[in-house]
Structures are given as structure tokens and as C-alpha cells.
Amino acid sequence: MTDGQMESLEGRRLGRVILVQAAFLAAAYIAGTWLTLEVKGAMVTTPEVEAHGILSAGFVAVTGVVAMLALLQGRRKVFWVNFVTFVYLILAGVTGFTFLGNTSDPTTIMVANVSMMAGIGLGMPATGYSLMSVWAPLRQDKGSLVPTAVYMALGSLALTVVAGTLVAGITYSLAISIHVGLGAMTVATTLGVMVVSLMEASDGSTGRNHQRIWLSLLGLGAASIAAGDGVVAVTAGGISYVVVMAEITVLVYVFLMFTIAAPLRFQVPMVRMRMNRGSK
Amino acid sequence: METRARPGLPGEELGTLGLPALKITLLLCYANFVTYLLLYFTGMYINIYITSGINPVSISDPTNIVHMVLSSVIFVITLTVGVIGFLYGMKKVALFSTAALLCLIAATVGGVLFLATGGARGSGVLTLAGGWIMSFLFMLALFLSYYATLKIMRAIRVIEATGGEKP
């Protein structure tokens, strides 16, 4: 195996681990949002707390693994991004433990919520940057601007979710204004991803990657539904709309990550065998 | 998974990692042992000075938080070493790290049981059982991690002895 092939193999392996990391992030976020908004009187033995604990521990653990693998492969920037995220997540976990010891104090609840959401906010661009750095050189479309556009969208999304958590902690009108403004920026940057994908696919300069158009469109759709839910939550009230808004936000993240990873090949072994047989 | 054995060295599991990367992994294993040491210090502190066998320990107690953070770090390091073993063709390192991980998971369940059922040795049979499960399985995990570390040390020695940068 040549050095180039080895590097490519290592890059693909690390990319897959980053996708696992992203899956844990999304799952931990879903469980955490559900726990915060729907569960009253959380304790260490509450099933929702345990589920959130396991999923967030998985996210922290895989972040540590990605950092170490990046270090071994000589990807220093990816290592530092993930190492800083890892250390921060450990500190955010400490606020979670403190919360479990005192579940009625509003300040403790606020500190735990904001620090954990900031962990998610840090994790979103960190995973996007890591995947972009690792997989972009392996693709045919080396000059593509899509990964950079996605990275900007992930940054906006991360700031939006952190600002959303602050709604309960700082002046309501100020927090809502910041949250809505950042949400609008997320929609705009996700639209930007779709436009860039469309342009690149139509001129064919960096390969015809049509999946990116559909994936970014789905991301845009999810962002729009989340924004609509937000409007309903503010005007009509009701915590259920906030829950739906927060959970749909995860879909925006997932579609954006898939946009970086595209083109995806959904070939299960059985289908692949049948296709091979058909071609013979 | 690809495992390479050098000619003349049957059964040696050198993996596909280069020598510098193997040395970094070994450093990580050493860091794991230091973390285990700190874990035992904090565990003993809780046992002797906080609970004294009678008083319960709260999940939000600062020493308990440090104890849990240290165990999380141990989990992450063990998982990392296991993944490295799996990805870079060191089957025994992967196997022993996975066994250590399973022990750590079961030990964590024991720890949660200890905290949830009272948090003191005198709180009841379940609390005591949780405490014992936690202590015993952390020791077993330490032993398994130690064996995985030995395999990495062995690979480094063999590669150095044969003068190769990469197996």
C-alpha cells in the first residue's frame, strides 16, 4: 500500500468515526432537550436522565477518540478542535452532576442548561470542521465551496441554539431578538449552501454532486419548520412547540453534516450483490 | 482489519501504526494509569473522610464530581486505545480494551446503584453491592488495560529491535 493510499484509508476511517460522533451529538441533544422541557423532578435514576447521560457520555468519549486519532494521523488542527471540545464537554458534565444534586435551584438549572447547550454549540461546528478537513481532500471536488458554506451554516446554527437556551436566563425580549436574528442567519446560510451546491452541480466544475442539492434543501426545509414552530411558540405559547422546534433543529444539523459527506452511497450488501450479478 | 506480522516473528502483533504513533498511544496508556491512581485517591477520600461508613455521599459533592470526571476520562482513554487497536490491526489491544470497557460500564452501573440507593455503606445491601461491584470491576478494568499496555510496549520493543520505522 502506498503512502497516499494509506492516508486516504486513514482519512476515510476517521471520517466514519466523526459521523458516529455527530450521531451521538444529535442523540444527546434530542434527549437533553426532552429532559429539560418535558421532565419534572429529574433524579439520577430518572430514565430520561440516564438516557441523556449515556448519550452525552458517548459524545464525549467519541470526541476524545477523534482527537486522539487525529493526533496519530498528524492532523493537528482537527486534534486541537476536538481536544478543546472534549475538555469543555467534561466541564459541562460537571455542571450536570451539580444539577443532579440540587434540582430545584434556578441558577444551578440555568448554568447546567447553558453550559450543556454551549457544548452542543461548540460540537456542531467542531464536527463539521473535522469532517470537512478529513474528507474534503479525498473527494474529486477539491475546489468546492460547499463544505465552507456548510461550515458557516453550522456556526450560525450553533449560535442559534445557544441563544435559544438563554431565553430563560436573560431579558426575554433581548434573548428572543438575538435568537430570531441568528435563526434567520441560519436559514440564509443554509439557503447559501443550496445555491452553491446548485451552481456547482450545474456548471460541473467540481463534479455533479446532485445529492448536495437535495440534502441542503431538506436542511432548509427543516430550518423553516423550526422557525415556524418558534413563531407559533412565541405568539400562541405552549412548551410543545418549543420541544418540536428544538428537535427539528437536530435535523438541520444532520442534513448539513450529510451535505459535507455527500455523495452518500446507500448500498446494503444484498443490494450490492444483486447489482454485481446484474452487471455480469 | 489488517494485522501484519513481520517475517521471523510469528505471533507478534505489531499493527499498522508507525513507531511515533505507537509511542503517543503508550503515553496515553500511562496517562490512564495516573488517572486510575487519582481515581483511587478520590474514592478512598470519599470512603474515609466523607462517608466514614455511615454518612451518605451526594452526587453533587465536589470530591464525588472529581471522582466521576476521572472515571469518565478513564472510559474515554480506554475506548480510544481500543479503537486504535481495532483500526490499526492490534487485535489483542482491541480485545482487552473492549473487555476493560465492558467492566467500566458495569462498574458505572454499580456506582449509580450506590448513589441512588443511599450513598453510604450502611444504607443497605443494594448500596453495599453497588459499591463492591464498582470497586471490583474498576480493578479488573485496570488489569485489562495493563495487559493492553503491555502489548503496545511489546510492539514498540519489537519494532525498535528490528530497526523499522513502520512494520
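1. Start at V150(A). Setting aside residues within four places in sequence, V150(A) is in contact with G128(A), V193(A), L256(A), T259(A) and I260(A). Contact here means that two C-beta atoms, placed from the backbone, lie within 7 Å. This is a predicted model: local features need pLDDT of at least 70, side-chain atom pairs count only at pLDDT 80 or more, and totals for chains, interfaces and linings use all residues. Residues are numbered from 1 along each chain as its sequence is written, while chains are lettered from A and ligands numbered from 1 in the order in which they are written.

2. V150(A) belongs to the largest nonpolar core, which has 120 residues; V150(A) and A141(B) have the most contacts inside it. Domain 1 (1–138) and domain 2 (141–265) of chain A both contribute residues, so this core lies between them. A nonpolar core is a set of buried Ala, Val, Leu, Ile, Met, Phe, Trp, Tyr and Cys residues joined through C-beta atoms within 7 Å. Buried means 20 or more other C-beta atoms within 10 Å of a residue's own; exposed means 12 or fewer, and partly exposed lies in between, with C-beta atoms placed from the backbone.

3. Now the two domains of chain A. Their bounds come from an automatic or database domain assignment. The C-alpha centres of domain 1 and domain 2 of chain A lie 19 Å apart. Domain 1 gives 26 residues to the contact and domain 2 gives 27. On the domain 1 side, α1 and α4 (106–135) of chain A are the elements that give two or more residues. Of these, α4(A) gives the most, with 15 residues. That side divides into 20 nonpolar, five polar and one charged. Ala, Val, Leu, Ile, Met, Phe, Trp, Tyr, Cys and Pro count as nonpolar, Asp, Glu, Lys and Arg as charged, and the others, Gly among them, as polar.

4. T33(A) sits in helix α1 (residues 3–38) of chain A. Helices (H or I, at least four residues) and strands (E, at least two) are DSSP runs, numbered from the N terminus. T33(A) is buried, because 24 other C-beta atoms lie within 10 Å. Beyond four places in sequence, T33(A) touches V243(A), A246(A) and E247(A). F99(A) is 66 residues from T33(A) in sequence and 15 Å away in space, C-alpha to C-alpha.

5. Next, the contact between chains. Chain A supplies 19 residues and chain B supplies 20. On the chain A side, α2 (47–72) and α3 (76–101) are the elements that give two or more residues. The largest share, eight residues, comes from α2(A). The chain A side has 12 nonpolar residues, six polar and one charged. The predictor gives the complex an ipTM of 0.80 and a pTM of 0.84.

6. Chain B has four helices and zero strands. Its C-alpha trace spans about 60 × 20 × 20 Å along its principal axes. Of its 167 residues, 43% count as buried. Helix α3 (residues 91–116) of chain B has 26 residues and reaches 37 Å from first C-alpha to last, close to the 38 Å expected at 1.5 Å a residue. That expected span is 1.5 Å times one less than the number of residues. Just after α3(B), G118(B) takes a positive phi of about 145 degrees.

7. pLDDT, the predictor's confidence in each residue from 0 to 100, averages 87 over chain B, and 91% of the residues score at least 70. Over residues 1–8 of chain B, pLDDT stays under 50. Where pLDDT is low, the predicted coordinates should not be read in detail.
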